[in-house]
Amino acid sequence: MKEFQRKQLLERVNREGATVGAQIPETIEVQGEQVDLQQFVFEIKRRDTIPSGEKERVNQAKRNLRRERIERLQPIEDNEVSYEEGKQLVQDIIGIDRALNALEQLRPVDLEQEAKLQHAADQKRWMNFLKQALGRDSGMSKRGGR
């Protein structure tokens, strides 16, 4: 493939909004295994949240998709494929990106619990700040009747 074609393909993959209008591939080979990607993403996304039992499965799927994206991008970057093969790889990569975007937008299942944990962490940070500001940090000795 010619250098300008390679750059064109790489630009298309890295373009902001490349996934707009892109379809999630129906099936894709990930780590040597056929995955019904479209069905998996729609099944998980239909719930709008990640069920606690599915959290690790979704995280593993995202890791595998990111790895697969890199493996498909590398031959284009290294100019190891023809332009036609590169165009197909770009389509695959954009589909993977679309699936990753959909999976990244999911929220944890227990929003109330997440809010409580965030509130508790905020309070802890505030108390640590106050202790330091008032000189009552555990590393400081008490002087002057404090």
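I number residues from 1 along each chain as its sequence is written. In this predicted model, local features need pLDDT of at least 70 and side-chain atom pairs count only at pLDDT 80 or more, while totals for chains, interfaces and linings use all residues, and side-chain values use heavy atoms, with hydrogens and water left out.

**Helix α2 against helix α4.** I looked up how α2 (residues 37–46) and α4 (residues 83–104) pack, and found an angle of about 15° with the axes 10 Å apart; helices here are DSSP runs of H or I, at least four residues, numbered from the N terminus. The axes are lines fitted to C-alpha atoms over the stretch in contact, with angles running from 0 to 180 degrees between N-to-C directions. The two helices are therefore roughly parallel to each other (angles under 35 degrees count as such). I then listed the contact (heavy atoms within 4.5 Å), to which α2 gives Leu37, Phe40, Val41, Ile44 and Lys45, and α4 gives Ala99, Ala102 and Leu103.

**Helix α3.** I checked the span of α3 (residues 55–77), whose 23 residues reach 33 Å from the first C-alpha to the last, close to the 33 Å expected at 1.5 Å a residue (1.5 Å times one less than the number of residues). Just after α3, I noted that Asn79 takes a positive phi of about 55°.

**Arg69.** I picked Arg69 within helix α3, and recorded that Arg69 is buried, with a relative accessible area of 18% (buried means under 20%, with a 1.4 Å probe and protein chains only). Not counting residues up to four places away in sequence, Arg69 touches Val13, Asn14, Ile93, Ile96 and Asp97.

How values were computed. Parallel < 35°, antiparallel > 145°, perpendicular 65-115°, else oblique. Buried < 20%, exposed > 50% of the residue type's maximum accessible area, 1.4 Å probe, protein only.
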